[in-house]
Structures are given as structure tokens and as C-alpha cells.
Amino acid sequence: MTDEDALAAEFEAHRPYLHAVAFRVLGSHSDADDAVQEAWLRLARTGGGEIADLRGWLTTVTGRICLDVLRRRGTRREQPLELDVGALPLDAAADARIDPEEEALLAESVGLALYVVMDALTPAERVSFVLHDVFEVPFDAIAGVLGRSTAAAKMLASRARGRLRSGAPASGSDAAARDVVDAFLAAAGRGDVAGLLSVLAPDVELRAHGPGGSTVVRGAAEVAAQAARFARPGATGHPALVDGRPGVLITVGGRPVTVLAFTVADGAVTAISGLTDPARLGRIVPSWVA
């Protein structure tokens, strides 16, 4: 095997991780593919002989490429921060076998997308937030990506968290669905069965997945009664997109306890799916939610 072949093989081992980084920042798989390919071209031109930490070098290069892409866009687009729920392993033994690249791939699969509006951030804030809060890249390395001081990188990430906490309203039909979900959550919080029945379709179905397995509840009256369990002292609801549907992440004392996804049709909730496994939720909820 030639040196170039060996370098290419080493790059391919990092490709899933780099794609996950680029996708998180850019919000587009095609743009992420382009960014990763550009990272490879730069590596091929540079050669790997003088690079002590290839993963770190590639992270920096990919981050800079993404930053340039965001700046060239001129206008920023709304993008959800996608985080995995469904593909996470169910047991600690399986969890221990996951390497960083596999974990990065899991983070791309369809599962939980916290409803954050990434276009509220400047390119530098977006890169700093994603690299540090999602991929745990040290701030001194992020400073190198941004061409700023470590203190400035920390400030950018902190500012991003502050903006993302507030989320943003949806629009159009999404806003109407969100209003229905908000009415459901408000009624559940009050224990208002009549209010719940007013937003539930007669044949609504609730599927909940917890540490002990899955349960299915059918019918408006039965789901309304079950919904009282969603109300917990000190609970905070965070708007979320789950598999593209309006939903909510519920935390208590900063700990994620439930994520719910709602299907809304003709002004009524027709299906609800939920995850209540704290161990699994704890792995995919970023620190700024607390």
C-alpha cells in the first residue's frame, strides 16, 4: 500500500465523524458531503506526514470550510439540530461498544430534533456551538477554526446557547399544529380532562417506550386519563421536532424525563409517541436545555 493509499484509508475512517460535524453546522447532507470532500482534497495536497493529530487537523479544516460556506450563503436558513433517539442502544453493554465515529452516525439518524432555530446564530456562533456542545471539541481548538481567541470562542458558544434556549415560533400549518400541541400540554399540566378531549381525535393512539418496554393506549378518554402522568412538579417543557413532527422535551430539574411527538390532523391530535427512558434521553440532550 502506498503512502497515499494509507492516508486515504485513514481519512475514510474519519469520514462519518466529519460528515456529522459538517451536517450539524450546515444542515444539509449534500453541503456536508461537499465540505468533507474539500477536506480530503486539502489533506491530499498537504500530505499526512507532518500531522500529529489527524482527527484534530481534519476537524479544524472541516470547521473552517463550513464557516466559509455559511458566510457565502449570505442569508441563513432555519435548521433543526438533529439528535438521535431511536437508534441508541438499549443496554449499557451495547453502549460501551460504540466508538466516536459510530456515535456521530447515530446522531444523524432520524430521532429527536430539538426545535432550535440555527438561523438565529451568526456563522461563528453556529460553528462554536456545534463543535463544542455537540462534539465536545475544546475551545482552544475552536479558536483555531474561527481565528479568534479561546475566550471569544467560549463567548460565542455561550451566546448561541442563550439564543437557542428561546427557540422560535413555527409558521403556516406547522404553527397550527404547534398550537394544538400547546393546548394539549397546557390541559395536561392542569389535569383538565375536558380540555384534553377537545384536542384529541376520538381514535387517538398513544405509544410510549420506557425502560420496561412499550405500552399502547387507544381512544380519547383513555389517552386523556394517561396524559395526567405527563404533569410533574417542577417540569419544564421544551418545544421539539421529533421525526419532523411537533413535540416536546420535558425536563425536571434539568434532567430529561420524557420526549413526546404528536401527529396532528384537522385540528386534533391523532397519534402520540413518547420516550421515557432517562438513560437514553440523557445521552442525546445537550447541556443548554437544562
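Predicted model: local features only at pLDDT ≥ 70, side-chain atom pairs only at ≥ 80, totals over all residues.
Residues are numbered from 1 along each chain as its sequence is written, and side-chain values use heavy atoms, with hydrogens and water left out.

Two packed helices are described by the angle between their axes and the distance between the axes. Helix H2 (residues 29-46) packs against helix H3 (residues 54-73) at an angle of about 130 degrees, and their axes are 9 Å apart. That angle makes H2 oblique to H3, since angles under 35 degrees count as roughly parallel, over 145 as roughly antiparallel, 65 to 115 as roughly perpendicular and the rest as oblique. Here helices (H or I, at least four residues) and strands (E, at least two) are DSSP runs numbered from the N terminus, and the axes are lines fitted to C-alpha atoms, for helices over the stretch in contact, with angles running from 0 to 180 degrees between N-to-C directions. The residues of H2 that make the contact include Asp31, Ala35, Glu38 and Arg42, and those of H3 include Trp57, Val61, Ile65 and Arg73, contact meaning heavy atoms within 4.5 Å. By class, this contact of H2 with H3 has nine nonpolar, two polar and four charged residues.

Arg42 and Glu38 lie four residues apart, about one turn of the helix. The structure holds seven salt bridges.

H3 also packs with helix H7 (residues 139-146), at an angle of about 45 degrees and with the axes 8 Å apart. This angle makes H3 oblique to H7. In this packing, Thr60, Gly63, Arg64 and Leu67 of H3 meet Ala141, Gly144, Val145 and Leu146 of H7.

Turning to the strands, E3 (residues 200-210) and E4 (residues 213-218) pair in the antiparallel sense over six bridges, where pairing requires that DSSP finds at least two bridges between two strands. E3 and E4 form a hairpin with two residues between them, and Leu206 stands opposite Val217 in E4.

Note on methods: Nonpolar A, V, L, I, M, F, W, Y, C, P; charged D, E, K, R; others polar. Salt bridge = Lys/Arg side-chain N within 4 Å of Asp/Glu carboxyl O.
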